[in-house]
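Visitor: Hi! Could you walk me through this one?
Guide: Happy to. Have a look here before we start.

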Amino acid sequence: MRRRRTKRVGAHLEKHGNKYRVTVGVPAALVNLLGATRLKEALDATTLAEAEVLKWPALARIKQRIADARTGLIPGQSMSVPSPLETAKIARQALEWRRELEKERQQLRAGEIEIEDLSFEPITDQAVRLVEEREGSKGALLFSEIVAGRATPFEHLIDDWLQEGHFAGRTEAAYRQAVRELLSWCERTGIAPTVEAITKRAVGQFIRERFIETRAAPGTANKAITGLASLWNWMDKRGHTEALLSPWSGQFLRKERRGTSDRDPGETAKRPFTDAEVATLLSGLSDPLLADFCRVAALTGMRREEIATLRVRHITGGIIKVPGTKTAAAVRDVPLHSGLVPLIERRTSGKGLNDYLFHELPAQTSDARGRGAPITQAFTRKRRALGIDDRADGERQSRIDLHSFRRWFILKAREALEGGATGFTAWTIADVVGHSREEGPLGMTMGRYPGRANIRALKACVEAVRLP
């Protein structure tokens, strides 16, 4: 039988007998996955001119098939990603290989070595084959793509991101959990756990399956999305991704729940305590620890963890030097309210400078559970026992909680201003409670340029708040 001759007649074009077809070489790491060294597609063309016109759609389809193979999205196939332990080992080896290759290429460009002295590049294919023998074709593909710079496993960048971000303990734990959920989802769906594989389409699928279909609370979903968006922004800043737009951009879920669109947002929003609630709580708290903690919260506007982590050294000369647990604005000076002087004297007496003000609180085993967590639990039980609750129909959470003392403090300071109090301004209130003044009105003029309020203004603001 006479064989038909094949002849290359143009870029990605060859003539096979009397027919024309498109041909594209397959990268070595993908040969086993795609089952061929070259992918071809016949064209319905009888002349070279027709073939040149018809080749572009076919070329696009073939290149898309190769691209899909790289990210584990081959139609009809499930990407069997290596186990997390195997993936970690492959990634470490590949990243080290990539660094050595880049180092040698820099030396070559600088004229420090000759091309024949390259030691890593000529044996890359051999390394891929060795990985394939140990970890299979998918492991070899991952290794090859990382070495070539076409894949970057994001799991191995997490610690650097978190270390540089200086996130609070609970925030860091929540962000780690978000990444774990994304990695678990990648393993279930067969999408490679790499920066390049997490496209806008993949992100949309992840959010739909993980949060929308499971009816997760929008706040819970958005916290996870915030963490993953932060990771991607950091990777972009450090050169680990070349995407023009983060795939997490615009992915946040609306906070309005189904069936509540006609409800006044104020019905479900967190609110301050009323004066009557504050009076009932402070008079009804029999536990000395809980009573003292809530009194400090009511007369300083401080956050739970700021109070829980206060040490004796933080209180000096009638000033509470709040170390801050949230943002740069949270590190601040808060004048000691006259109503707290006896409490502070009692709780600092006989203690060393490094002793906690609320020494009774036990150490927590995880940063995700702050030192003040037991206070929240105890307070919630006591609040309910005193009959103080406020839950809208169908809502799981109450509109009031321990943080409502902070909201009440801000409300009372504002009401004092509205009632004619002098010596401080609305921007002073932000300084006292550790909010950013630059996010409010006249952010540049009143927030950044004048700096923080002086101690007299801070003192006037604090003393304007009176217990009912």
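We will go through salt bridges, strands and nonpolar cores in turn.

Visitor: What kind of model is this?
Guide: This is a predicted model.

Visitor: How many salt bridges does the structure hold?
Guide: The structure has 29 salt bridges.

Visitor: Let's take R61. Which residue forms a salt bridge with R61?
Guide: The partner of R61 is E41, and their closest N and O atoms are 2.5 Å apart. This pair joins distant parts of the chain, with R61 in helix 2 (residues 48-70) and E41 in strand 4 (residues 38-43), 20 residues apart.

Visitor: What about K321 and D333, where in the chain are they?
Guide: Their side chains form a salt bridge at 3.1 Å, N to O. The pair links distant parts of the chain: K321 belongs to strand 6 (residues 319-322) and D333 to strand 7 (residues 332-335), twelve residues apart. D333 is partly exposed at 29% relative accessibility, and K321 is partly exposed at 38%.

Visitor: Which residues are linked in a network of salt bridges?
Guide: R271, E277, D390 and R399 are linked in such a network.

Visitor: Switching to strands. In what sense do strand 1 and strand 2 pair, parallel or antiparallel?
Guide: Strand 1 (residues 6-10) and strand 2 (residues 13-16) pair in the antiparallel sense, over four bridges. G10 has L13 in strand 2 as its bridge partner.

Visitor: And which residue in that hairpin takes a positive phi?
Guide: H12 does, with a phi near 60°, in a hairpin that has two residues between the strands.

Visitor: Over how many bridges do strand 5 and strand 6 pair?
Guide: Strand 5 and strand 6 pair over two bridges. I315 has I320 in strand 6 as its bridge partner.

Visitor: Now the inside. How many residues has the largest nonpolar core?
Guide: The largest nonpolar core has 48 residues, and among those with the most contacts inside it are F293, C294, I320 and F379. Helix 10 (residues 288-300) gives the most to this core, with nine residues.

Visitor: I'd like to zoom in on F379. Which residues is F379 in contact with, leaving aside its neighbours within four places in sequence?
Guide: F379 is in contact with F273, L281, L290, C294, D401, L402 and F405. Another core lies apart from the largest one; it has 32 residues, including L162, W185, I225 and W248.

Visitor: Why would nonpolar residues gather like that?
Guide: In soluble globular proteins, nonpolar side chains tend to be buried together.

Notes: Residues numbered from 1 in each chain as written. Predicted model: local features only at pLDDT ≥ 70, side-chain atom pairs only at ≥ 80, totals over all residues. Heavy atoms only, no water. Salt bridge = Lys/Arg side-chain N within 4 Å of Asp/Glu carboxyl O. Buried < 20%, exposed > 50% of the residue type's maximum accessible area, 1.4 Å probe, protein only. Pairing = 2+ DSSP bridges. Core = buried A, V, L, I, M, F, W, Y, C linked by side-chain atoms within 4.5 Å. Contact = heavy atoms within 4.5 Å.
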